[in-house]
Amino acid sequence: MADAHFFNDEPFLDHEEGPDLLGHGQYAQHVISLLDRVRAQTETGVLALIGPWGSGKSSVLGKVTRRLQESENEEGWLIAELNPWLYSDLESLTLALFSEIREALPKSERWSEAREKIGGFGQAISPLGKVTALFGLDSEGLVQEVSNRISGDTSASAAKRKAEEALRKAGRPVLVVMDDLDRLTPEELLVVFKLVRLVGHLPGVYYLISFDERTLLDVLQRSELVGNSESRARDFLEKIIQVRLDLPAFRERDADILVDRSLDAVLASHSLALTPGEQQRLAEAYHRHLQGRLRTPRAIKRFFGQVDATLGQLTGNVDIVDFLIVTFLRTSEPRAYQLLWRHRAELTGTSIGLPSRRDERPEQRIERWRTRLQEAGVTEQHMDSVIGLMGMLFMPLRQALGYGADSQAIALRRGIGSIDYFDRYMVFGIPDDDLPEHTFDTALQQLANGTPGTEADELLLRLRDDTQRITRRIQYKRTAGTPLPAVALLEAAAQQHGYLTAAPQGAFGLLTADFAISILATDLLTDLAEPDRPGILKAMAESPDGAVLAARTLQRVAARNGSESPDSAQAADTPDWITQARSLIGHEIAQHLAPSASRAVNELTELEVTLLWAWRHIASEATRAWINQQFEETWTPLDLLAVLLPPDRTPLPSHRRRHPSEPRCAHRPQRAVQPSRSAPRRPRSRPRQSPGRPPGAHPPSTPGTPRQPPSQRLTLPCLVPLDKTEQQAVPDQPLALAPEQWQRLAAAHHAYTGTVSPYYDETLQEVTRRACTSGSIGKADIGALLMWKRLRADTPWVAELMAWPDIDVRRATAAATTAARDTTLSLGAAAQAGRAALAHLPGFRTGDALASAVLTAAAPDRMAIYDRRAHGGLRTLGITLSHASGRYSRYIETLDHLLAAAPAPIRTWTPRDMDTALYWMTA
């Protein structure tokens, strides 16, 4: 089958296309034997080969005719093949029949009389015009034919008798083969049957016809002769057909064998092989959803023919299992396939979504898609299989179906559910704005070898113009364990950093090119051995833009190691390589800032301001010394303050080059928000302000804590390290806790752990262990959490929840668990998705106390408990959390920002540690 012909319409005929996969050869031999038996008992007859469309009737007919023609028996069967589609009336079809019989007869002298008499019969029963058209008579022949008809014995009866005598004398049977009668119109079908039963009833002439019985009966019932009566249609057929040959059933085993052989042929022709994981996914798709639709040889052959025809340049650039599923949808449900492109953003998880859908329950999402598919013509019989196949492709639908989903796994296999690869499946190739996998891999190899090449040049160009997608694809390689040229990529990132042109992506455009390349640089640096890191960071910092990226990268890596502070007080705990890197980058930044020392402070460019902040974050003492030197010459503290801290600026902002003619503050760069410990932080264009609070103002201090004036919190001449609270933003207001407030949090956490029994959380921990094993939380564990939270159980919602099947409850909690654990989401987004998955359960529709317990049990290192006391704890810190919809996700996001802004050792807490501290603050 490796060389199977997918593009003809004849399913697997004998030796030319491999072994007889379906037993058609054996059945064809049975038909031949039956023909001989019929010939022995009657001098004419009609046999019918009956089977559904695509079941292999043409294959059997082909095998029968081929074997009869190849027979060396001189007295064996003669074959005449007639296509009734070509003739619209009885006269034309009659002439065609006798012409085919005449041509089937041997050309030897022995057969000359029979050939002549058969031709004479055809002429006798047909109009003169039909004869001239069929036999190609010229004008002279036409005159002669008219003369013969006038003067000779030309009656149809006489001609038929002469033809019968000649055929009996010849002594060889003629088999007239007619295929696909079910595709004729009612009138055409009756013409054929009239010809077979009456006109063509000749000695030694036998008919082998084929059709789909159900279709043929429907056609006959539309004729005036039969009328709308199936019983009359069957009676009519019985008068025409003497021997009925039902094609053997196409068994499930036969279909499986043919599918396996066809798949092997496609894979071999494209030099592909399935991995164990792909085999498992394909087996799931086939046995759950495809097997019932691939039930005939024609359906199987045409499906794999489409796969073979369109795979082409996508070989190695898409996931083969996803491609097979998409091809099935395209060929079997074309209007459903069109929905994929229409709802591309929703299916790939890149849409913001309508407000009405943010709290959509899983069954509501599935019902919405059922409606769409019904409108696209998907029948109820096939609805579940189509939705199941789409669930295998796209994470949002898979989650709604109650299965776990991993968006990173979809991207790693280059699945259609990833926005980075979706378009490839829809255009049957690599779009102009995309890089083929071979080009991508070759470019990485060229960078690794340090050899120039067009592929590497193209990759670097795309890194500048399509930053987010290229950095994601590099991250996919890194996650898959593919060796990467980390040094070369870091150098390239530094070179391109100041010239990124890719538009922001994601919800509200929060994923900027600058942020994407910074995260990639951080991960690549951690892949290098520690002794090699200072050298590459110095090389990155040799350009001003590269110095900004190098400083940010070092800051993030140092934060992961707990060595974020550049203060000399913590130098003893800082790894040597970080200390060395800070010195090297600082030296490069000083070189870049040297020209600015001769200019007024208000003439600093955006890039120079960014360099100052970058330097301060990695080497505050060196920055302080350099600035003090400028104060001794021309700069003044107040002027520098106005440049460094305008109302809408924060430390380490994103930047772009300012045109010399552009006013210095005409363009305000976006904030560069520090990443949280759990997920990348999306930058905000500017922090939101609380009503009535001017930009830059801090929230009120905790009662009893004296409010510090701004001058004491920002000592400009020394540029002391700012708290991370001054770099962060929360959804409702800026976070800027005073040192005393952090101390209160730490004291509350210490008091909680010292007062509350260490065994109190055993119930929560036990539910967590079971959730880790099962991936869901059932009613029994929800009851345990209810007791642990000390909530009332004598409520209507408890009774309603107990009436739900546990499997339905687990389906909802499984979706919530998957969302809460999804590390590709920020904590706030994960909390929002997890809370939405629970929203339709009784007891979870309003309020967040029990829902937060379930989510915390599902993801204890990411989620936290919400209740009124934790809410009150936030208020004591001057942080107001509104009660509007989505409160729990805002609560988790607030905790995440607090932890990201916290000093040591609070920054090592989990969100659960933070909620216990907030709880105890109001005890």
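**Exercise 1. Determine which residue of strand E4 is the bridge partner of Val174, and describe how E4 is placed in the structure.**

*Solution.* Step 1. Val174 has Val205 as its bridge partner in E4. This is a predicted model, in which local features need pLDDT of at least 70, side-chain atom pairs count only at pLDDT 80 or more, and totals for chains, interfaces and linings use all residues. Residues are numbered from 1 along each chain as its sequence is written, and side-chain values use heavy atoms, with hydrogens and water left out.

Step 2. Strand E3 (residues 174-178) pairs with E4 in the parallel sense over five bridges. Two strands pair if DSSP finds at least two bridges between them; strands (E, at least two residues) and helices (H or I, at least four) are DSSP runs, numbered from the N terminus.

Step 3. Strand E1 (residues 44-50) also pairs with E4 in the parallel sense, over seven bridges. Here Ile209 of E4 is the bridge partner of Ala48.

Step 4. In a regular strand the side chains alternate between the two faces of the sheet. From E4, Val205, Tyr207, Ile209 and Phe211 point one way, while Tyr206, Leu208 and Ser210 point the other way.

Step 5. Seven of the seven residues of E4 (residues 205-211) are buried, so the strand is largely enclosed by the rest of the structure. Buried means under 20% relative accessible area, exposed over 50%, and partly exposed in between (1.4 Å probe, protein chains only).

**Exercise 2. Describe how helices H23 and H24 pack.**

*Solution.* Step 1. Two packed helices are described by the angle between their axes and the distance between the axes. For H23 (residues 454-465) and H24 (residues 467-479), the angle is about 120 degrees and the axes are 5 Å apart.

Step 2. H23 and H24 are therefore oblique to each other. Angles under 35 degrees count as roughly parallel, over 145 as roughly antiparallel, 65 to 115 as roughly perpendicular and the rest as oblique.

Step 3. H23 contributes Leu459, Arg462, Leu463, Arg464 and Asp465 to the contact, and H24 contributes Thr467, Ile470 and Thr471. Contact means heavy atoms within 4.5 Å.

**Exercise 3. State whether Leu389 is buried or exposed, and list its contacts.**

*Solution.* Step 1. Leu389 lies in helix H18 (residues 380-393).

Step 2. The relative accessibility of Leu389 is 0%, so this residue counts as buried.

Step 3. Leaving aside neighbours within four places in sequence, Leu389 is in contact with Ala285, His289, Leu290, Ile325, Phe328 and Leu329.

Note on methods. Axes fitted to C-alpha atoms, helices over the stretch in contact; angles between N-to-C directions.
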